[in-house]
Amino acid sequence: MHTKRAHVLLPEDLLREIDALVGPRGRSSFLVETARHEVRRQKLLHFLESKDPAWKGKDHPELAGGAAAWVRKLRTESESRGALRHKSKKRARSRSADTQTRSTH
C-alpha cells in the first residue's frame with residue numbers, strides 16, 4: 001500500500017496522551033488505525049441514514065426463486081458432495097484393507 005505524508009496539527013495535550021498510550025514511535029500507526037476506524041464508522045452511519053434499501057434483488061439473482069428454494073438447492077448439493085466423500089472414504093478403506101491382507105499372506 002502506498003503512503004503519503006500529511007502535515008497534521010494536534011493539540012499538545014492530545015499528543016501527550018497518544019504518546020502515553022503508544023509512545024512517540026507508535027503515533028503514525030495509532031493515528032492511521034484510529035482514522036480507519038472513524039472512516040468505517042462514518043460510512044456505516046451514512047449508510048444507516050440512507051433511504052436506499054440495503055438489500056437489492058438484482059444483486060442476488062440466486063434468490064429469484066425465493067430463499068427457501070435456494071436453501072433446498074444448497075442442501076441437496078451439500079448432501080451430494082457428502083455422499084461422494086463417503087463413497088471415496090469407503091473405497092480408500094477397502095483398498096487399505098486389501099493391501100494389508102495381501103501383505104500378511
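**Figure 1. Arginine 41 and glutamate 38 meet in a salt bridge.** Their side chains come within 3.0 Å, N to O. A salt bridge here is a side-chain nitrogen of Lys or Arg within 4 Å of a carboxyl oxygen of Asp or Glu. This is a predicted model: local features need pLDDT of at least 70, side-chain atom pairs count only at pLDDT 80 or more, and totals for chains, interfaces and linings use all residues. Residues are numbered from 1 along each chain as its sequence is written, and side-chain values use heavy atoms, with hydrogens and water left out. Both residues sit in helix 2 (residues 27–49), three residues apart, so about one helical turn separates them. Helices (H or I, at least four residues) and strands (E, at least two) are DSSP runs, numbered from the N terminus. How exposed is arginine 41? Arginine 41 is partly exposed, at 39% relative accessibility. Glutamate 38 is partly exposed too, with a relative accessible area of 31%. Buried means under 20% relative accessible area, exposed means over 50%, and partly exposed lies in between (1.4 Å probe, protein chains only).

**Figure 2. Glutamate 33 pairs with arginine 40.** This is a salt bridge, and its closest N and O atoms are 3.6 Å apart. Glutamate 33 has a relative accessible area of 44%, so it counts as partly exposed. Arginine 40 is partly exposed at 48%.

Figure 3. Arginine 16 is exposed, at 53% relative accessibility. Glutamate 12 is exposed as well, at 62%. How many salt bridges does a search of the whole structure find? The search finds six.

**Figure 4. Five residues form a positive surface patch.** They are Arg81, Arg85, Lys89, Lys90 and Arg93. Patches are made of residues with over 30% relative accessible area and no salt bridge; like charges are joined within 9 Å, and nonpolar side chains (Val, Leu, Ile, Met, Phe, Trp, Tyr) within 5 Å. Lys and Arg count as positive and Asp and Glu as negative, while His and the chain ends are not counted. Arginine 85 is found in helix 3 (residues 67–104). With a relative accessible area of 51%, arginine 85 is exposed.

**Figure 5. Arginine 95 is another view into helix 3.** Is arginine 95 buried or exposed? At 54% relative accessibility, arginine 95 counts as exposed. Its C-alpha atom is 44 Å from that of glycine 65.

**Figure 6. The protein chain has three helices and zero strands.** From the N terminus on, the elements run α-α-α. The radius of gyration is 29 Å, well over the 13 Å that the globule rule gives for 105 residues, so the chain is more spread out than a compact globule. That radius is taken over C-alpha atoms, and the rule is 2.2 Å times the number of residues to the power 0.38. Along the principal axes, the C-alpha atoms fill a box of roughly 85 × 50 × 25 Å. Buried residues make up 3% of the 105 residues.

Notes
Areas by Shrake-Rupley, 256 points an atom, 1.4 Å probe, with all protein chains shown as cover. Charge placed at Lys NZ, Arg CZ, Asp CG, Glu CD.
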